[in-house]
Amino acid sequence: MSSIEVKHLNVWFDGKQALREVNMTIPEKGITAIIGPSGCGKSTFIRSINRMNDIIPSCRVEGRIMVDGKDLYGPEVDVTQVRKRIGMVFQRPNPFPKSIYENIAYAPRIHGTKDRKKLNEIVERSLRRAALWDEVKDRLDRSAYDLSGGQQQRLCIARALAICPEIVLFDEPCSALDPIATAKIEDLLVELKDEYTVVIVTHNMQQAARVADQTAFFYLGELIEFGDTAQLFERPENELTENYITGRMG
Amino acid sequence: MKYIDKIGWLNRTQGQSKGRFFDGASHTVLFTITLISASVLVAVAAFLILGSLQAFNVIGPVEMLFGDTWRPTSFHNPAFGMLPLMAGTFLVSFLASIIAIPIGLGCTIYLAEIAHPRIRAFLKPAIELLAGIPSVVYGLFAMLILQGWVAQLFGLQHGYVALNGGLILAVMMVPIMVSLAEDAISAVPLELREASYALGATRWETMRSVVLPAAMSGILAAIILSIMRAVGETMAVLMAFNQTPLPTLDPFSGVQTMTATIAIEMGEAAVGGLHYSALFAVGVMLFMITLVMNTVANRIMLRYSEAYR
């Protein structure tokens, strides 16, 4: 069970409130898109789910995020375990300045897999999963920076999948990519949704409409509307949502 | 060209040709200035080499480089073997390096990764300020205070030994190393750290396996530049221990460095004499050492710029 229950989530940066009373339940499996204009808190929201906001000293989080009935912000929770179960892919491809192989092997290694054969298996499986294996299998020892932007982003996805997370968060993963690379990532997202709970932040409404099962609309730090993607885009209940998706605001 | 001339809006305006004049003039002026600076390097090298020719001719390069006695002022039996001087420079710089490198790296990692931003904002400028203190002040401290501590700690009659010089040079090396190495670590993009944290890595794992490797060439360059500072330092070394040109690597002995030799003996050597020329030869050697280290540092820096983007 890897649904994400968010209860009364409030986030502040430097005393300025970035998220206000967010309540929502992201169902298991499938793709949930988070949309909204710049500065609406969508990135802050997704970064709360794997506690990436923790590394920002001025950030304060209140409320609960429950996965598996356990509060990720509970007192006894080990943040590295949270991030092990909840993978993340960032806006700009950010491979390590290491070889393709080492990029994937990095996380399994720090989590205790030392056996070379096992690592080889993980690397191959992850790269296949991210639809990159055929393109790189002959040059695993080459620098990840030799890859194109789209390949780098798929490498980052493979890297996140290498430790078998249950939830994968995507923070605008295509905003630095060209349309062809974007299409490949979107295909990949759809493939992943049977196995993983996928949450994707996007500024691209067409992208949300294309890939997401559910869509949430954020505005000024609040969750305005959350529902079935088709319904949200065709018959939005809230006027703000309607204004945004019809382009009258944003 | 004719075609362009027909189109009025492509022609130069009055203001633009004025701008072009200044563009051209500033180019010439700046180029000349740069050329002068660069030619100073050639002039210095030529000056040293020309001055040292006599010594290399009379004494012979092998005897100069590998002779184990430096006794330039002896009337009956002068000797100009540079080995003791090179040993002195090596010993003092080596002692300084093995003390300064761990301390410097420790400070760097603390400042770059562990310290609260507010503490860093205070500490880093403070450490960088240390780099600006004139070396004679460090020398004074070594001569008057550090020397006593060294004598007491190791039960010596006095502390005017190579180790004292190594210690004060270490104090001088740390600020340079910390300043440069911290820059290298801070330059590692936040995205790389985030990628590592998001995979469930701890701060320490991220530091060790992502940040340090990415900054490694910059850190190595920082170390080399600070060693160069130790090799080239004259005044503090001169004041820290007894200048005795012995071919030894004993940290509790007095030694004599190459820089100190030139500083001490140039005043008493007869202009145009053999001793005078031999000091130029010492200068040539120092110049070579600096050149090699600088080249190595540059090579490393070049690699560093390719480490990530």
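Modeller: Ser175(A) sits in the loop that joins β7 (167-171) to α7 (179-192) of chain A. Since this is a predicted model, everything I describe is computed from its atoms. Is Ser175(A) buried or exposed, or something in between? Ser175(A) counts as partly exposed, because it has 15 C-beta neighbours inside 10 Å, and a buried residue would need 20 or more. Leaving aside residues up to four places away in sequence, Ser175(A) touches Gln91(A) and His203(A). Arg92(A) is 83 residues from Ser175(A) in sequence, yet their C-alpha atoms are 7.4 Å apart in space.

With 21 other C-beta atoms within 10 Å, Leu147(A) is buried, whereas Ser175(A) is partly exposed. The contacts of Leu147(A), not counting residues up to four places away in sequence, are with Gln152(A) and Leu155(A). Between the C-alpha atoms of Leu147(A) and Ile100(A) there are 9.0 Å, while 47 residues separate the two along the chain.

Two further loop residues of chain A are worth a look for their backbone. Asp68(A) is not a glycine, but has a positive phi of about 65 degrees. Its loop runs between β4 (59-67) and β5 (70-71) of chain A. Asp68(A) counts as exposed because it has 12 C-beta neighbours inside 10 Å. Leu220(A), also not a glycine, has a positive phi of about 50 degrees. You will find Leu220(A) in the loop between β9 (214-219) and β10 (222-228) of chain A. With 15 other C-beta atoms within 10 Å, Leu220(A) is partly exposed.

The axes of α8 (residues 190-198) and α9 (residues 203-232) of chain B come within 10 Å and cross at roughly 160 degrees. That angle makes α8(B) roughly antiparallel to α9(B), because angles over 145 degrees are counted that way. The crossing is right-handed. From α8(B), Leu192(B), Arg193(B), Ser196(B) and Tyr197(B) meet Thr206(B), Val210(B), Val211(B) and Ala214(B) of α9(B). Five nonpolar, two polar and one charged residues make up this contact.

Elsewhere in chain B, α4 (residues 83-114) and α7 (residues 162-186) pack with their axes 6 Å apart, at an angle of about 35 degrees. The crossing of α4(B) and α7(B) is right-handed. Their contact has 22 nonpolar, six polar and one charged residues.

Finally, α5(B) spans residues 117-131, and its 15 residues reach 21 Å from first C-alpha to last, close to the 21 Å expected at 1.5 Å a residue.

Notes. Residues numbered from 1 in each chain as written. Chains lettered and ligands numbered in written order. Predicted model: local features only at pLDDT ≥ 70, side-chain atom pairs only at ≥ 80, totals over all residues. Axes fitted to C-alpha atoms, helices over the stretch in contact; angles between N-to-C directions. Helix = DSSP H or I, 4+ residues; strand = E, 2+ residues; numbered from the N terminus. Parallel < 35°, antiparallel > 145°, perpendicular 65-115°, else oblique. Left-handed = near helix turned anticlockwise from the far one by under 90°. Contact = placed C-beta atoms within 7 Å. Nonpolar A, V, L, I, M, F, W, Y, C, P; charged D, E, K, R; others polar. Expected span 1.5 Å × (residues − 1).
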